[in-house]
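Have a look at the model first, and then we will go strand by strand.

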Amino acid sequence: MTSPVPGTTVLGYPRIGPRRELKQATEDYWAGRLDAAGLLEAGARLRRSVWNDLREAGLGQIPSNTFSFYDQLLDTAVLVDAVPERFRHLDGLDAYFAMARGADGIPALRTSEWFGTGYQHLVPELGPGTRFRLAEAGRAKPLTEFLEARALGLVTRPVLVGPLTFLLLSASSAGFRRLDLLDDLIEVYAELLERLRGAGAEWIQLDEPVLATYLSSPELAALGRAYQRLGRLPSRPRLLVATSFGEIGDALPVLAATRVEAIGLDFVAGPGNLRTLASIGGLPRRTLVAGVVDGRNVWRTGTREALATCASLLGLAGEVVMSTSCSLQHVPLDLDAEPDLEPGLRDRLSFARQKVTEVVELGRALRRERSTVFRREAAPDAPDHRVRARVDVLGDGRPRAAWAVRSAAQRRAFGLPPLATTTIGSFPQSEEVRRARADWRAGRIDETTYEQAVRAEIDRVIALQERVGLDVLVHGEPERDDMVRYFAEHLRGYAVTHEAWVQAEGTHYVRPPILHGDVSRPAPMTVGWATYAQSLTNRPVKGVLTGPVTLLARSYARTDLPRADIARQLALALRDEIHDLETAGISIIQIDEPALRELLPLRRAERAFYLSWATGVFRLATSGVADTTQIHTHICQSWSQDVLAAIGALDADVTSVEAARPRMEPLSGSRAALFRTGVGPGVYDSRSPRAPGTEEMAQVLHQLLQSIGHDRLWVNPDCGLRNREPAEIESALRNMVAAALQVRKSLPADLFT
């Protein structure tokens with residue numbers, strides 16, 4: 001075992017296991033194949049494995065309570081008893097997973113993206129009736145996991161979501177101020193800290209990534225009040241307040257004025273933190289946890305650059321601790337599991353285990369315990385001058401005709417009824433098609449046999465949609481194991497991995513591809529599958545593509561070009577695909593941009609520039625299509641006012657958005673006014689196993705018609721259907737179509753002539 005290196009730590013670590021053991025155990029529990037005791041033991045095994053790995057690596061201080069069966073915000077809500085009334089009749093794991101997934105007619109908590117990472121957290125619900133209290137000793141998760149590690153001979157640093165981040169990321173009833181609950185919440189945190197100190201904890205980490213956003217004066221005052229109170233506790237562990245994902249600006253002097261012993265700053269996403277730190281005279285007699293190893297991306301750390309940053313910090317703090325910029329849960333576990341990556345690219349990469357090694361090596365180098373091999377970031381790919389020249393020549397593309405002109409042309413072309421019904425795109429994949437894909441990739445079957453399996457799946461999905469009576473169909477995407485990875489496999493400039501999984505939400509894991517060079521499209525990517533599906537039906541079939549912003553956001557992207565430039569290259573590749581789909585007779589094309597909000601800068605001042613280029617690349621991708629080609633887009637988590645206001649700039653013919661989870665009320669008049677073209681607010685939550693009835697969905701549609709005209713309203717689920725069971729899907733879609741038919745009967749008869 002490597003001796004621990006003082007002054008080294010990480011802010012968090014992947015919890016899913018090297019072979020996705022957490023996913024398997026959790027889904028086995030949901031399916032009844034594993035009981036509660038078995039699930040809890042699987043979690044304990046994963047925690048032990050992580051702690052032992054970090055100890056073997058020589059990390060100076062090891063975090064605990066970074067494990068979760070679903071989500072850290074959900075864990076915190078349960079810890080402080082912020083459980084909505086509709087779940088109070090449930091207990092234990094039943095209540096926990098019902099909050100995450102919904103159950104027995106109870107809608108789940110909604111989700112939101114975690115500071116631009118692509119990870120979706122659950123959103124706690126607070127209101128005037130919220131009364132915080134600490135979970136009893138046996139269920140206080142940070143305490144039980146600390147004691148687990150203590151039994152292994154490890155004194156860990158428990159990690160908690162900070163009180164300000166918890167409150168500001170929660171939803172609240174209209175007119176209720178979440179910060180009014182701060183003092184009560186702080187008392188619960190104080191009780192927990194005292195319990196942890198009694199159990200032997202020496203340090204506590206309080207994660208406050210919300211400080212990288214813009215905080216108002218009342219919020220900054222609340223920050224100071226919270227940590228002044230916790231700092232004055234007579235018996236507590238030392239406090240590390242960890243920040244991530246950017247510069248914290250005015251929050252730094254507020255924290256520095258409290259009694260916290262350590263502050264963590266991100267010097268990767270927030271290089272300006274160094275300037276702010278110097279401007280307040282540093283942190284004398286405090287510990288600075290320096291986030292110099294990128295926890296958000298997969299590129300190797302340049303040793304010389306990281307040490308130079310840390311050397312400049314030595315005079316600004318009593319102690320400098322080497323660390324990651326954020327939790328490593330956002331990167332894959334181990335680069336050694338990817339031996340097939342091209343050697344030149346592989347040499348530029350670092351996953352979670354390698355990043356821990358980087359932290360330890362940097363810690364040794366800073367203390368001059370051994371000579372250091374200075375490593376710079378490896379040189380990027382050589383530029384593709386043809387791609388870059390084409391970007392320059394095409395500029396912003398040709399603007400489309402006004403929507404009124406396009407809409408009239410499309411009504412004549414398609415003859416769709418008011419309140420046309422459709423889905424977002426994906427359907428669950430059968431065991432047969434998943435096995436065929438695995439066999440094809442392993443060389444056990446040839447490509448022709450694999451394509452036959454995909455076509456059989458498309459046959460099934462088209463038949464199902466015709467059976468339930470949808471107006472616009474999709475092919476179901478059986479050839480895709482991921483909405484980003486599939487396109488990365490067909491574009492130059494990308495590399496894909498085999499075992500580099502990260503958690504996106506709950507048991508939904510993804511393998512983000514690595515975008516390392518200039519992007520181009522060698523050949524059509526979806527045309528064959530879309531045209532095959534269209535040949536099976538007289539109803540229109542949508543071609544479905546992943547948009548340029550989402551391809552960028554959900555990849556590990558190169559850092560040597562501005563994001564806007566990379567997105568323009570992606571847009572041109574998609575423009576070629578859209579042209580080929582249109583030529584092949586696919587006249588309804590959906591470009592999914594669920595990540596439009598994910599890349600929204602945390603600082604408000606930077607958002608206008610981002611939204612300008614993000615909507616511009618969408619228009620570039622769709623420029624040049626005929627008026628009769630109907631462009632759809634799907635945007636998840638789109639209720640940020642900034643994103644809603646920018647949706648019109650996409651200039652899509654139809655925009656579908658999530659609207660079914662709690663607190664995501666159907667579009668009000670003010671929100672509806674932001675949608676100047678067609679809109680499809682999701683009428684049911686496709687991530688929950690619950691299938692709402694016809695009357696419930698009809699009521700939603702009647703409500704929507706009060707603010708959205710019948711000529712603009714579409715009817716669809718919230719999101720794709722891949723993670724649902726086939727029986728759930730058929731029932732929900734039948735009810736949705738029946739609701740649309742029922743509401744159509746209330747419309748004027750002349751609309752149908």
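Which residue in β20 stands opposite Ile514? In this predicted model, the residue facing Ile514 is Tyr556 of β20.

That pair belongs to an open sheet of 3 strands, arranged in the order β15-β18-β20 with mixed pairing. At the edges stand β15 (492–495) and β20 (556–557); each has a single partner strand, so one side of each is left without a neighbour in the sheet.

Strands β15 and β18 (residues 514–520) run antiparallel and are joined by 3 bridges. If you want a spot to look at there, Arg492 has Ser520 in β18 as its bridge partner. On the other pairing, β18 and β20 are parallel, with 2 bridges between them.

| Strand pair | Sense | Bridges |
|---|---|---|
| β15 and β18 | antiparallel | 3 bridges |
| β18 and β20 | parallel | 2 bridges |

Is β18 mostly covered or uncovered? Strand β18 is mostly covered, as 7 of its 7 residues are buried. Helix α21 (residues 563–583) lies across β15 and β18, and runs at about 55° to β18.

Note on methods. Residues numbered from 1 in each chain as written. Predicted model: local features only at pLDDT ≥ 70, side-chain atom pairs only at ≥ 80, totals over all residues. Heavy atoms only, no water. Pairing = 2+ DSSP bridges. Helix = DSSP H or I, 4+ residues; strand = E, 2+ residues; numbered from the N terminus. Contact = heavy atoms within 4.5 Å. Axes fitted to C-alpha atoms, helices over the stretch in contact; angles between N-to-C directions. Buried < 20%, exposed > 50% of the residue type's maximum accessible area, 1.4 Å probe, protein only.
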